[in-house]
There are 2 protein chains.
Amino acid sequence: VMHYLTGVLSVPDPRQREALIQQEASMQTGGQVVLSDAEQRVDALLFNMKQREVLRADFPPAMHFFKARDLIRSSPIFSLLQKMPKGGALHVHDFSMADPLWLVKNATYRPHCYMCFTDSHSVRFIFSSQLPKPLPRCSPWNLLENLRAKTSNTTDLDDSILRNLTLFTDQDPEGVYPSQDVVWNVFEQCFYALWGLVTYAPVFRDYYYQGLTEFYLDNVMYLELRALLPQIYELDGSTHDSAWTLKTYQDVTRRFTDDHPDFYGARIIYTISRSVNVSTMTGAVETAMKLQKDFPDIMAGFDLVGREDTGRPLWFYREALSLPAERGVMLPFYFHAGETDLEGTEVDQNLLDALLFNTSRIGHGFALPRHPVAKDISRKRGVAVEVCPISNQVLMLVNDLRNHPAAALMAEGHPVVISSDDPAMFGASGLSYDFYEAFVGLGGLSSHLGSLKQLATNSIRYSSLAPNQQEKALALWQRKWDKFISETAFEARRP
Amino acid sequence: VMHYLTGVLSVPDPRQREALIQQEASMQTGGQVVLSDAEQRVDALLFNMKQREVLRADFPPAMHFFKARDLIRSSPIFSLLQKMPKGGALHVHDFSMADPLWLVKNATYRPHCYMCFTDSHSVRFIFSSQLPKPLPRCSPWNLLENLRAKTSNTTDLDDSILRNLTLFTDQDPEGVYPSQDVVWNVFEQCFYALWGLVTYAPVFRDYYYQGLTEFYLDNVMYLELRALLPQIYELDGSTHDSAWTLKTYQDVTRRFTDDHPDFYGARIIYTISRSVNVSTMTGAVETAMKLQKDFPDIMAGFDLVGREDTGRPLWFYREALSLPAERGVMLPFYFHAGETDLEGTEVDQNLLDALLFNTSRIGHGFALPRHPVAKDISRKRGVAVEVCPISNQVLMLVNDLRNHPAAALMAEGHPVVISSDDPAMFGASGLSYDFYEAFVGLGGLSSHLGSLKQLATNSIRYSSLAPNQQEKALALWQRKWDKFISETAFEARRP
Ligand SMILES: [Zn+2]
Ligand SMILES: [Zn+2]
């Protein structure tokens, strides 16, 4: 064994040491980005801020996000990240993109909104021109207008509605959510609760517009939305199909970009639950192929959603997922995979299978460092990992975000993008909170302005946009970036 | 960007998939070990046990060890791991190797044992033929014999002494130790508390013998002990130097191997605190070189101990640590390095610096996956990482051990050994608890009997033993292993 014999008799050469330190620094995400003078000034400012942040007794990335949120909001790094043009958000779900308070204060105040209370202390909503049929395991329907008129304290009522629409709590999160099973169960209950609100056609349009607004205000210029494309209903109970829903996304996106010409746009990744049976999955893949053909501009591809640990593995659906290739039809996949800590199980093969199905990106990829073959394929093919730190923390895969496996991926320069998954559900919004966790927590003192620049450009380079669209989006981003840098560098010069 | 263009039009080939799964499986620690028929039967037994363990609502590796310990004790996997010949324990500290209850029930019951209570609610001990001089910030000395005679309930007294000698608590560990600072502070208080007991010459010898016994009973056949070689005192207050202490380790080790011929032996890694000044470090390195020359059989090398985050980085001592090489003297290093989550700080360079000083192994290496250059050097040079899962959890680097960074190292087949660091301080003993966490937690369902076999043989291959000694130790281990396999395979056949 060589290690026994290796020369103990050499002394480290400081220049070699420095070279190795530099080599390692250059490997990380953004390690080879060359910074302008103005960028270097902003970088120095960020480094100072980070050094102070690391010294805090309550280091936010080491804490649960629900406890850390106020600290993060008061962090000067966070303020900078909010202003920073972050490029695109490539992993966000349809019904958790906008502030749940908007749903309470806007959607539930619209006429014809009924609410009922379930046996399990959740709520359900429906808009209807007449009294809706009662739901099983639910109280009779109450017209919210009447309920509010009867209630002395509408603030309390609104607060209690809000609590049903988000996982966020100001109680001790570890106490409220003692296990992954519990937090996933509440997560699903929240979705059922907001379902009747967001699938009502007028709210559906406005909710999406509101979601785009929140990302836009957070200096995100492009979105790829995982969307279930569910039946959307009208006040008279009539419903629309998935093509209508996709078309509506396209229309609202166009309206939004007309209103905000410096917003690049949005595309949709059609998703279906990973608990459906094989024939439903086959139908969904066929729908996806049709939508991809009929709406090539807005439709980006296909994905499966829901908790991996309790869902079917990708391989279970291999025949359905092979249909596009067999028919010679282009249907890009953007699979969630490796959002698990169950090493060595069937579900844990999703990472490799996603890659074998030529996935264009990997959603989460939390388990990727434990799969060296999959990791190698992902790197060599440039299949980026969509890292969602706050999601992984709230859904209890990791508590101290310095231990997030993507910290090692970033240190190695593995292709990654940062996203926020279900920001509204987690008490976050836009992308900046997740950028904060990635930059301060995963990156530690090593990551710098070059890392941030790389993460922003990655979000365009690894998007579903065609090369010419990417160039256009990058040019738009660059103008925003240059403005951000010159303004920040200017402010940094003030005493 | 290639990923946009890669062929979406291919369907996974099940044989290629199987080949990639096998390739990944073969990369992990022990992935290339070929199992005999009997070993395969034991492996199947282990796999069944593990599948049942993973289904438990309270999955022990996901819990704090203090809460998990009882569950682990009742686990059939743990029983098997206890019986399994584990080879050597290469990372264990001198004064945390034996059950603290032994100290209470044996050491403190010896005559002339005085105890005092510190202002910070800890205790101190000294053996003395006459009343010792009072300590600052401490109550007057009490002869324990008298204290026990006056006390109605000696069990309570003994329990309260015990609580001062270990971090283990049956209260909520997260409540008792809210931060790394707190747990490290109590950790150091415990060492001060037991210091006066274990540095008393008669107790020193017996404590070490007791420690060897506990490892031996846990089916560990070899030990490399990090030892401070402190002044050891006699009842009259006279003291011995480090050469005497090292010689005593040698004598007691010989006595132990005489009493237990199937125990291979022990070697000492001389350690000093990483908070001393440069001249003290220089002196320690000179002492180490002398001891290495005078006691080549027992002396294995040199290391620095204490919390890395608050101590000096290795590079601070670069001149002292260069002395052996400059003088052409062989002094192997076994540096603790990367026991930190402070990415990008000065201390975070310890991993690279340890390797530049040709360290023979890396203690902990918790931060290694975030240092791709250091990781690559470690792998290529065969510098094994001493993984101590329970230590990292109790000292709050990681809570769910499935997220321990060595899980990825094991998946890649990085050279690793499993050790227990300070088992007595953590409420553990021997090696089996850490083997359990590594096998069930870090390894998940992927690791198997081959992994265990590899970990056991690694502990000999990466030891400080010379090649011919390694062959002898391996032969001894192999006999124990064959016996373990045939007995377990035989028992497994019972209905
Ligand atoms: Zn998602
Ligand atoms: Zn140690």
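Mentor: B:Leu197 belongs to helix H9 of chain B, which covers residues 180-198; helices (H or I, at least four residues) and strands (E, at least two) are DSSP runs, numbered from the N terminus. The model is a predicted one, in which local features need pLDDT of at least 70 and side-chain atom pairs count only at pLDDT 80 or more, whereas totals for chains, interfaces and linings use all residues. Residues are numbered from 1 along each chain as its sequence is written, chains are lettered from A and ligands numbered from 1 in the order in which they are written, and side-chain values use heavy atoms, with hydrogens and water left out.

The relative accessible area of B:Leu197 is 0%, so this residue is buried (under 20% relative accessible area; exposed is over 50% and partly exposed in between, with a 1.4 Å probe and protein chains only). Beyond its neighbours within four places in sequence, B:Leu197 has contacts (heavy atoms within 4.5 Å) with B:Leu103, B:Ala107, B:Thr108, B:Cys113, B:Phe125, B:Phe127, B:Leu165 and B:Val203. B:Phe127 is 70 residues away along the chain, yet its C-alpha atom and that of B:Leu197 are separated by 7.5 Å.

One of these partners, B:Leu103, also stands out in the largest nonpolar core, which has 156 residues: together with B:Leu167, B:Phe302 and B:Leu321, B:Leu103 touches the most other members. Such a core is a set of buried Ala, Val, Leu, Ile, Met, Phe, Trp, Tyr and Cys residues joined through side-chain atoms within 4.5 Å. Apart from it lies another core, of 155 residues, including A:Tyr264 and A:Leu356. In soluble globular proteins, nonpolar side chains tend to be buried together.

Helix H9 of chain B also holds B:Asp181, which is linked to B:Arg307 in the loop between strand E9 (299-305) and H13, 126 residues apart.

B:Glu39 pairs with B:Lys453, the closest N and O atoms being 2.7 Å apart. Because B:Glu39 lies in helix H2 (residues 37-54) and B:Lys453 in helix H19 (residues 449-461), this pair ties together parts that are 414 residues apart in sequence. Both B:Glu39 and B:Lys453 are buried. B:Glu386 and B:Arg361 form the other, with closest N and O atoms 2.4 Å apart; B:Glu386 is in strand E12 (residues 384-387) and B:Arg361 in strand E11 (residues 361-364). B:Glu386 and B:Arg361 are buried as well. Over all chains, the count comes to 55 salt bridges.

Six salt bridges are found across the interface of chain B and chain A, and B:Asp341 meets A:Arg402 in a salt bridge at 3.2 Å, N to O. At this interface 75 residues of chain B are in contact with 75 residues of chain A. Helix H14 of chain B contains B:Asp353, which touches A:Arg17 as well as B:Leu314 and B:Trp315, residues up to four places away in sequence not being counted. B:Asp353 has 1% relative accessibility and so counts as buried.

Technical notes:
A salt bridge is a side-chain nitrogen of Lys or Arg within 4 Å of a carboxyl oxygen of Asp or Glu.
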